[in-house]
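User: I've got a structure open here and would like to talk through its side chains with you. Can we take it feature by feature?

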Amino acid sequence: MNGAAFSLLALLLASIGLYALSLRIAVPYPILLVLGGMAIGFVPGMTQVRLSPEVVLQVFLPPLLYHAGYYSTPRELRRRFRPIALLCLGLVLVTAAAVGAAGHYVAGLSWPVALALGAIVSPTDPLAATAIASRLGVPRRVVTLLEGEGLFNDATALVLFRVTVAAVVAGTGSLNAGRALEQFAVGTAGGVLVGLGVGWLVGELRGRASDPVVGVTLTIFGAYAAYHAAEHFGFSGVLATLFCGLYLGWRIPAVATPASRLLGKPVWQMIVYLLSAALFLLLGLQLRPMLAELTDFRAVEIVAVAALLAAVVLLTRVVWMLLVPHMLPRVERLVVGWSGMRGAVSLAIALALPVRTASGAPFPDREAVILLAFGVVLATLVVPGVTLPMLIRAARVAGTDGGDGDAEARARLTATEAAMVRLEQLVLRDGLDKRTIGRLEDVYRYRRDELATGAGLLHDADHRQRAERAASLELVEVQRHTLLRLHREGAISTDVLHRIQRELDLQHALLLASPGARQREPAGSPGDEASWRGWVSRR
């Protein structure tokens with residue numbers, strides 16, 4: 001096995017193992033990935049990998065940005081527009097200025113290089129913070145603020161990054177503020193229009209695609225098409241991809257087929273995880289040769305400066321949240337302030353630093369800037385990531401609103417009641433026989449009572465319902481084991497196995513869909529999160 005193949009297998013195994021470990025110890029996987037990425041570069045036999053800056057921005061970023069936009073809620077973002085705008089514009093610029101000043105006066109970087117470093121570490125990655133906040137029941141308004149900030153602060157940071165890097169590459173040593181404002185205004189407007197245009201086109205094509213593979217592939221095409229089309233015309237590819245995702249997140253649920261929707265979510269989850277893992281782990285492979293070029297004294301200096309910059313980033317954010325009005329209680333502002341973790345986007349921007357300037361000279365302090373950025377990402381992931389749960393519990397902000405759980409239960413109940421009304425109309429229109437009418441009425445009456453109990457509208461939690469859920473799960477498992485036995489004996493082909501197994505998996509997934517079951521049964525119990533479909537399958 002050659003070195004490149006060994007490195008690829010090691011990276012894949014590391015990403016799988018670290019993700020599994022994160023689930024086991026309830027730590028967000030970006031924290032373990034960044035630690036693993038730092039360590040894996042020192043494994044003997046690992047091949048040195050050099051990522052092209054263009055590959056980082058053009059391959060890694062578009063899917064990550066699209067996915068974040070797709071699963072956002074535009075209505076909630078509009079409601080929180082003012083605090084999100086303050087974070088995406090004001091805090092990004094203040095953070096970049098604070099880090100730039102520290103980098104210039106403490107590390108001796110030139111002003112353009114120091115401000116480029118500030119731009120790199122100014123955008124947040126809400127993945128770890130929102131995972132912790134959602135798990136602990138933090139109010140939805142806090143999670144929305146973190147998600148909205150993570151969506152749009154990348155655009156501000158990238159504009160600042162390009163302006164500062166352009167000054168370094170050109171060798172002017174000075175920044176053009178007017179040019180920066182022009183780029184931001186034109187790039188923002190153009191990016192939004194291109195993103196919406198590509199989103200409309202993909203939505204039209206998706207509505208005509210009956211095959212789920214084609215439908216999901218179109219969304220992947222949309223992510224890259226929006227980014228590259230905007231960049232081609234000099235607009236913001238970040239905003240184009242985000243608005244393409246926002247538009248399709250609103251459009252696709254109405255036009256895509258059920259099979260396409262079922263396929264789309266796991267495919268995108270895998271894409272986003274693999275890209276995020278690759279960024280962290282591939283950076284780890286580059287740390288070793290970078291550190292090898294530093295003297296012992298220089299290495300100690302890099303570590304000390306990285307720790308100082310991380311403290312500047314965290315302190316600037318906390319002070320900003322406490323001093324600038326954000327329409328949140330003070331204790332929630334403190335939680336938001338301590339949730340400013342950096343992640344894959346900062347690493348991608350850092351790796352996108354040019355290797356050489358216009359004169360052909362090496363980009364000044366490139367390795368030092370990347371190492372400092374990695375140090376800030378590491379510190380802001382690990383320190384707040386480990387202590388944020390303790391802060392949330394100490395501040396007692398968890399569970400202070402109903403979150404999405406109550407709304408989900410009531411939405412399910414409303415949809416079921418609408419189906420019952422429609423059933424009465426179908427009886428009159430189609431003349432259904434009594435047996436069919438009775439079976440359908442029993443199904444939806446059972447569903448309605450179960451959801452009403454879960455929503456707190458009924459208080460007679462029925463032991464029969466719980467027993468039926470447990471029995472339904474057991475019957476699905478019996479069918480699955482029988483199917484596997486038939487396949488082993490050669491009675492059915494692999495294609496038949498997969499088709500029937502998919503139907504059983506869908507039944508099992510629906511048996512894990514009832515919020516009422518979550519409230520009434522301990523996690524891991526046989527009837528945990530059961531649904532009505534298992535009951536229907538037994539009628």
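Predicted model: local features only at pLDDT ≥ 70, side-chain atom pairs only at ≥ 80, totals over all residues.

User: Is Leu12 buried, partly exposed or exposed?

Analyst: Buried would need under 20% relative accessible area, and exposed would need over 50%. Leu12 has 44%, so the label is partly exposed.

User: Moving on to Ser236, where does it sit, and is it buried or exposed?

Analyst: Ser236 lies in the loop between helix H10 (212–232) and helix H11 (237–255). Leaving out residues up to four places away in sequence, Ser236 touches Ala155, Gly187, Gly191, Ala230 and Glu231. Its relative accessible area is 11%, and the cut-off is under 20%, so Ser236 is buried.

User: Which backbone nitrogen lies 3.2 Å from a polar atom of the Ser236 side chain?

Analyst: Ser236 is the loop residue between helix H10 and helix H11. At 3.2 Å from a polar atom of its side chain is the backbone nitrogen of Leu239.

User: Now the charges. How many salt bridges are there?

Analyst: The rule asks for a side-chain nitrogen of Lys or Arg within 4 Å of a carboxyl oxygen of Asp or Glu. One of the pairs is Glu147 with Arg140, at 3.0 Å from N to O. By that rule the count is nine.

User: How far apart along helix H4 are Arg79 and Glu76 in terms of turns?

Analyst: These two side chains meet in a salt bridge, 3.2 Å from N to O. Arg79 is exposed at 55% relative accessibility, while Glu76 is partly exposed at 21%. They're three residues apart in helix H4 (residues 74–79), so the separation is about one helical turn.

User: And Glu147 with Arg140: what are their labels, buried, partly exposed or exposed?

Analyst: Glu147 comes in at 22% relative accessibility, and Arg140 at 23%. Buried means under 20% and exposed over 50%, so both Glu147 and Arg140 count as partly exposed.

User: Glu204 and Arg208 form a salt bridge; which residues are linked in the network they belong to?

Analyst: The closest N and O atoms of Glu204 and Arg208 are 3.1 Å apart. Both lie in helix H9 (residues 177–208), four residues apart, which is about one turn of the helix. Glu204 is partly exposed at 21%, whereas Arg208 is exposed at 64%. The network of salt bridges links Glu204, Arg208 and Arg251.

User: On to the rings. How are the planes of Phe152 and Phe243 arranged: stacked, edge-to-face or tilted?

Analyst: A search of the whole structure finds eight aromatic pairs. In the Phe152 and Phe243 pair, the ring centres are 6.0 Å apart and the planes sit at 50°, so the pair is tilted.

User: How many residues apart are Phe152 and Phe243?

Analyst: The pair links distant parts of the chain, with Phe152 in helix H8 (residues 140–170) and Phe243 in helix H11. Phe152 is buried at 18%, and Phe243 is partly exposed at 22%.

User: Last one: which residues form one aromatic cluster?

Analyst: Rings pair if their centres lie within 6.5 Å. The residues in one aromatic cluster are Tyr66, Tyr70, Tyr71 and Trp268.

Conventions
Residues numbered from 1 in each chain as written. Heavy atoms only, no water. Buried < 20%, exposed > 50% of the residue type's maximum accessible area, 1.4 Å probe, protein only. Helix = DSSP H or I, 4+ residues; strand = E, 2+ residues; numbered from the N terminus. Polar contact = N/O pair within 3.5 Å; in protein donor to acceptor, adjacent residues only side chain to side chain. Contact = heavy atoms within 4.5 Å. Phe/Tyr/Trp six-rings, centres within 6.5 Å; stacked < 30°, edge-to-face > 60°.
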